[in-house]
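Subject: Structure handover

Hello,

Please find the structure below, with the sequence. My notes on it follow.

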Amino acid sequence: CGSQAEIDTTAMGLRLAASLLTREDRRARYVSYIDSGLINATGAGYDTHEYHVLESSRNIMHLLTYLSVWTNRPGENNPSKLDLDKHMVLLTTEFGRTPEPEIGKPLGLDHWPFGYVVVMIGGPMQKEQRGVVGHIDGRGYATDGFTPAEFRAALLLAQGIWPFTNESFAIGDVRGATTEVQAAQILREKLLGLGLS
């Protein structure tokens with residue numbers, strides 16, 4: 001295969017994910033792809049303790065470029081590419097990066113679990129749902145938003161799966177809910193931007 005520098009793992013991973021989701025038989029219903037980045041930062045592609053802007057900006061642009069390569073454009077209808085009317089793409093991370101440079105590393109950022117962005121594209125997320133849910137203040141703290149449990153429960157709802165079972169989520173995982181139906185309504189309306197159905 002050549003040296004590691006000659007292998008574009010981002011491009012290969014996205015092509016494999018699209019292939020698993022679009023193949024004719026035994027199609028995957030869900031694929032989790034972890035992007036290691038074009039530029040391998042300290043430890044991993046997005047673990048940007050040393051040079052955040054340089055490394056992350058290149059990595060995310062590279063990821064989005066190849067995501068667009070394997071996604072149908074309007075009217076294209078290529079069966080081997082993702083169809084955003086049918087497929088939902090999530091760009092997530094387990095934590096954000098500090099709003100201020102890391103101590104001793106003036107170009108790098110440390111881990112920050114207090115406020116970060118996730119992106120949902122396609123599937124039930126169409127033009128009517130576009131926009132921003134939540135708010136991160138100037139200090140980098142989420143002052144309005146949703147919890148990881150609320151996000152994951154909402155994703156199940158978006159796929160037509162009832163999230164309130166013993167194996168998944170409880171009513172108490174959705175702030176302000178006192179019944180399963182109310183929890184589902186909160187997730188559909190506030191997080192997904194969908195009406196009642």
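The protein exposes about 12700 Å², and carbon and sulfur atoms supply 56% of that area. Please keep in mind that this is a predicted model. Of its 197 residues, 31% count as buried. The C-alpha trace spans about 55 × 50 × 30 Å along the principal axes.

There are 4 helices and 6 strands, and along the sequence they follow the pattern α-α-β-β-β-β-β-β-α-α. Among contacts between residues at least 6 apart in sequence, 51% join residues at least 24 apart.

Helix 1

Helix 1 covers residues 9-22. At the start of the helix, a side-chain oxygen of Asp8 comes to within 3.2 Å of the backbone nitrogen of Thr10.

The buried residues here are Thr10, Ala11, Gly13, Leu14, Ala17, Ala18, Leu21 and Thr22. They cover an arc of only 165° around the axis, which means that they sit on the same side of helix 1. The buried residues of helix 1 pack against helix 2 (52-69).

Nonpolar cores

The largest nonpolar core has 18 residues. Phe164, Val174, Leu187 and Leu192 are the residues with the most contacts inside it. Helix 3 (148-158) and helix 4 (180-191) each supply at least two residues of this core, and helix 3 gives the most, with 6 residues. Apart from this core lies another, of 7 residues, among them Leu14, Leu63, Leu82 and Val89. Leu14 is also one of the buried residues of helix 1.

Helix 3

Buried residues in helix 3 are Glu150, Phe151, Ala153, Ala154, Leu155, Leu157 and Ala158. After helix 3 comes Gly160, whose phi is positive, near 80°.

Two loop residues

Thr98 lies in the loop between strand 2 (96-97) and strand 3 (111-112). Is Thr98 buried or exposed? Its relative accessible area is 13%, so Thr98 counts as buried, the cut-off being under 20%. A polar atom of the Thr98 side chain lies 2.8 Å from the backbone oxygen of Glu100. Leaving aside neighbours within four places in sequence, Thr98 is in contact with Leu109, Asp110, His111 and Trp112.

Lys86 is in the loop between helix 2 and strand 1. With a relative accessibility of 62%, Lys86 counts as exposed, for which the cut-off is over 50%. Lys86 and Pro124 are 38 residues apart in sequence, while their C-alpha atoms are 8.1 Å apart in space.

Regards

Terms used
Residues are numbered from 1 along each chain as its sequence is written. This is a predicted model: local features need pLDDT of at least 70, side-chain atom pairs count only at pLDDT 80 or more; totals for chains, interfaces and linings use all residues. Side-chain values use heavy atoms; hydrogens and water are left out. A nonpolar core is a set of buried Ala, Val, Leu, Ile, Met, Phe, Trp, Tyr and Cys residues joined through side-chain atoms within 4.5 Å. Buried means under 20% relative accessible area, exposed over 50%, partly exposed in between (1.4 Å probe, protein chains only). The expected span of a helix is 1.5 Å times one less than its number of residues. The arc is that of the directions from the helix axis to the C-beta atoms. Contact means heavy atoms within 4.5 Å. A polar contact is a pair of N or O atoms within 3.5 Å; within protein, one must be able to donate a hydrogen and the other to accept it, and residues adjacent in sequence count only if both atoms are side-chain atoms. Accessible areas come from the Shrake-Rupley method with a 1.4 Å probe; for residues, only the protein chains shown count as cover.
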